[in-house]
Amino acid sequence: MFVSENLTVNENGHLAAGGIDTVELAEKYGTPLYVMDEQVVRNTLRRFKDSIDKFYGGKGEVHYASKAFSCMEMCRIVNSEGVGLDAVSIGELYTAVKAGFDVSKIGFHGNNKTNEELEYAVSVGVGHIIVDNISELMRLEKIAAEKGVKPAIMFRIKPGIDAHTHNFVKTGQIDSKFGFALETGEAFDAVKQAISCENVELMGLHCHIGSQIFDIAPFEEAARVMLGFIADIKNKLGFEIKGLNLGGGFGIKYLQKDDPSPFETYMERVSKVVKSECERLSIAQPFIFIEPGRSVAAPAGITLYTVGARKEIPNIRTYISVDGGMADSPRYILYGSEYEAVVANKASQDKSETVTIAGKCCESGDLIGENMPLQHAESGDIIAVCATGAYNYSMSSNYNRLQKPAVVFINNGQSRIAVKRETLDDIIRNDV
Ligand code: LLP
């Protein structure tokens, strides 16, 4: 009935998430409110892990891409599932470290890491660092030498795959700021250079072709290209690459019409390609990493708002204005991303209207969405926007000096605050 499987309608006709009445959550914690279902996060992580076991003999690791949604509680949950982490900044890394994350399972990313970030990553002892460019390699080599350590590294490679997704979230093609290009020989030269470095150990290669990808074929193609490169390195340089990170990017269901393949199908098909290519190329099967972000966090989340104004403009449109907007939900204004919405206190009613849900920020593009089917909404109603767990809280801002909403986790019929709502004093805390 809803895009996310944990959503139902309860006996009061209210929307329930994980069996909890969302109208009660809105009353208890206020709105806007991010609600994350812990069980959905855990189940998804287990499915990822199980499918690596089933289709690739367990020779792999899941690293949750924390850019999708990061806070200390999320890190604790991911860590307790024995899953690793992709941290893309010192802030994400610090959050994980402070949450007690097993640092040996953290891959540290970033296309323009600062020395401060590299030094911090080395000093806390992250599992490996995914190096993006030669300047970074040289700086890391120096930092490692100074500290007397030999960090494991991977190289971020652009496999030259054009995934069918929004331009802003494509990352695997040659015209990309991320990583080393294969076609130009840049990646091969970088590998040669890394092998000659004394203070880093090249343990793997990494690629990530984009995000919200529904098609499995580009993932298979990326695996083929990367394995071809691994064979090339073995044949020409006599060096064995042991790890291969195939990135994240698995599409999720935002709208009823979306029909993403189950992750198990991805893993089955990609594992088959990896095994057969390794045999064909006479190379050892690499240890595989995958880095899902959106697919773990998005389906676990909803955002709750309270309706304020309702404006009917005859023959044009009806605006339903809510107490949040682009500051907590920036994906419509950024990518035109569409969501399913429900009036949480009228969830059993038909969606009798088509409306524009607008935010409270001072610009016309501040919309949660247009042409959204919705129950008749009036001032005081609670609106739930579904599948918002990824890239909303993590990309939220204080635009118009709005306070960032709280994050509440739900589990087993209970709710708890994971991130407090910002106060007005938080808004001015760094002002001098
Ligand atoms: N690994 C790397 C290196 C990445 O760059 C990303 C996402 C991921 C893993 C996780 O991809 P996912 O499984 O979440 O698709 N803000 C955009 C999405 C940006 C994705 C950036 N990189 C959005 O809201 O759609």
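This is a predicted model: local features need pLDDT of at least 70, side-chain atom pairs count only at pLDDT 80 or more; totals for chains, interfaces and linings use all residues.
Ser337 has a relative accessibility of 11%, so this serine counts as buried. Ser337 sits in the loop between helix H11 (331-335) and strand S16 (341-343). Leaving out residues up to four places away in sequence, Ser337 touches Arg331 and Tyr332. Arg331 comes up again at the ligand, as one of the residues that come nearest to it.

Next, the overall layout. The protein chain is divided into domain 1 (7-37 + 302-427) and domain 2 (109-292). Taken over C-alpha atoms, the centres of domain 1 and domain 2 are separated by 36 Å. The contact takes 7 residues from domain 1 and 8 residues from domain 2.

Now the ligand. Which of the 19 residues around the ligand come nearest? They are Ser211, Glu291, Arg294, Arg331 and Tyr391. As for where the shell comes from, domain 1 and domain 2 each supply at least three residues. By residue class, the shell around the ligand has 6 nonpolar, 7 polar and 6 charged residues.

The side chain of Glu291 places a polar atom 2.6 Å from a nitrogen atom of the ligand. In the side chain of Tyr391, an N or O atom is 2.6 Å from an oxygen atom of the ligand. With Gly249 the backbone is involved: one of its N or O atoms lies 2.9 Å from a ligand oxygen atom. On its own the ligand has 590 Å² of accessible area, and the protein covers 91% of that.

Where is His206? His206 lies in strand S11 (residues 201-206). His206 has a relative accessible area of 0%, and is therefore buried.

On to helix H5, residues 115-124. Which residues of H5 are buried? Glu117, Leu118, Tyr120, Ala121 and Val122 are. An α-helix has 3.6 residues a turn, so residues three or four places apart point the same way. The cover over the buried residues of H5 includes helix H4 (90-98), strand S7 (106-108), strand S8 (128-131) and helix H6 (134-147). Just after H5 comes Gly125, with a positive phi of about 80°.

Helix H4 also holds Tyr94. Tyr94 has 44% relative accessibility and so counts as partly exposed. C-alpha to C-alpha, Tyr94 and His14 are 39 Å apart in space, and they are 80 residues apart in sequence.

That leaves the backbone geometry. Most residues other than glycine have a negative phi, and most peptide bonds are trans. There are a few entries to go through against that background.

Take the peptide bond from Thr31 to Pro32: cis or trans? It is cis, with omega near -5°. Pro32 is in the loop between helix H1 (22-29) and strand S4 (33-37).

Asn315 is not a glycine, yet has a positive phi of about 60°. Its loop runs between strand S14 (301-313) and strand S15 (317-322). Is Asn315 buried or exposed? Asn315 counts as exposed, because its relative accessibility is 85%.

Ser282 is another case: not a glycine, and with a positive phi of about 55°. Ser282 is in the loop between helix H9 (263-281) and strand S13 (287-290). At 52% relative accessibility Ser282 counts as exposed, because the cut-off is over 50%. Ser282 and Glu81 are 201 residues apart along the chain, and 34 Å separates their C-alpha atoms.

For backbone geometry, the list to check is the cis bond from Thr31 to Pro32, then Asn315 and Ser282 with their positive phi. That is what I have.

How values were computed. Residues are numbered from 1 along each chain as its sequence is written. Side-chain values use heavy atoms; hydrogens and water are left out. Helices (H or I, at least four residues) and strands (E, at least two) are DSSP runs, numbered from the N terminus. Buried means under 20% relative accessible area, exposed over 50%, partly exposed in between (1.4 Å probe, protein chains only). A residue is near a molecule or strand if one of its heavy atoms lies within 4 Å of it. A polar contact is a pair of N or O atoms within 3.5 Å; within protein, one must be able to donate a hydrogen and the other to accept it, and residues adjacent in sequence count only if both atoms are side-chain atoms. Accessible areas come from the Shrake-Rupley method with a 1.4 Å probe; for residues, only the protein chains shown count as cover. Ala, Val, Leu, Ile, Met, Phe, Trp, Tyr, Cys and Pro count as nonpolar, Asp, Glu, Lys and Arg as charged, and the others, Gly among them, as polar. Domain bounds come from an automatic or database domain assignment. Contact means heavy atoms within 4.5 Å.
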